[in-house]
Amino acid sequence: MGYGFLDQYQGKGYAKESLLAIFDYMKEQGVKKIYAGTAKNNLPSVGLLNSVGFQLVGTERISFHKDSEGNDIYFEGGNFVKELC
């Protein structure tokens with residue numbers, strides 16, 4: 001799953017509220033653990049994950065895009081986990 005909000009809706013708690021509702025549903029379904037990933041320098045996303053109980057458990061070098069010459073563009077990704085039980 002992913003989330004994204006237009007600028008005028010960022011910082012209003014909508015993502016946090018959405019995640020908390022999803023956690024409740026996942027608990028009802030018997031899910032015990034959730035994994036998440038984001039760019040480590042995406043401070044709003046990292047802050048959101050921390051605020052809902054995720055813990056950073058590792059990092060990895062990730063590439064989703066290429067530059068104009070076809071070379072991979074890398075960023076440092078953070079791997080997070082949250083226990084639901």
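**Exercise 1.** Is Tyr9 buried, partly exposed or exposed?

*Solution.* Start with the cut-offs: buried means under 20% relative accessible area, exposed over 50%, and partly exposed in between (1.4 Å probe, protein chains only). Tyr9 has 40% relative accessibility, so Tyr9 is partly exposed.

A note on the model. It is predicted: local features need pLDDT of at least 70, side-chain atom pairs count only at pLDDT 80 or more, and totals for chains, interfaces and linings use all residues. Residues are numbered from 1 along each chain as its sequence is written, and side-chain values use heavy atoms, without hydrogens and water.

**Exercise 2.** Classify the ring pair of Tyr9 and Tyr14.

*Solution.* Rings of Phe, Tyr and Trp (its six-membered ring) pair if their centres lie within 6.5 Å; planes under 30 degrees apart are stacked, over 60 edge-to-face, the rest tilted. A search of the whole structure gives three aromatic pairs. In one of them, the centres of Tyr9 and Tyr14 are 6.4 Å apart and the planes stand at 55 degrees, so this pair is tilted. Tyr14, at 38% relative accessibility, is partly exposed.

**Exercise 3.** Describe the pair of Phe64 and Phe75.

*Solution.* First, geometry: the centres lie 5.9 Å apart with planes at 35 degrees, so the pair is tilted. Next, location. Strands are DSSP runs of E, at least two residues, numbered from the N terminus. Phe64 sits in strand 2 and Phe75 in strand 3 (residues 72–83), so the pair ties together parts 11 residues apart in sequence. Last, accessibility: Phe64 is exposed at 62%, whereas Phe75 is partly exposed at 29%.

Technical notes. Helices (H or I, at least four residues) and strands (E, at least two) are DSSP runs, numbered from the N terminus.
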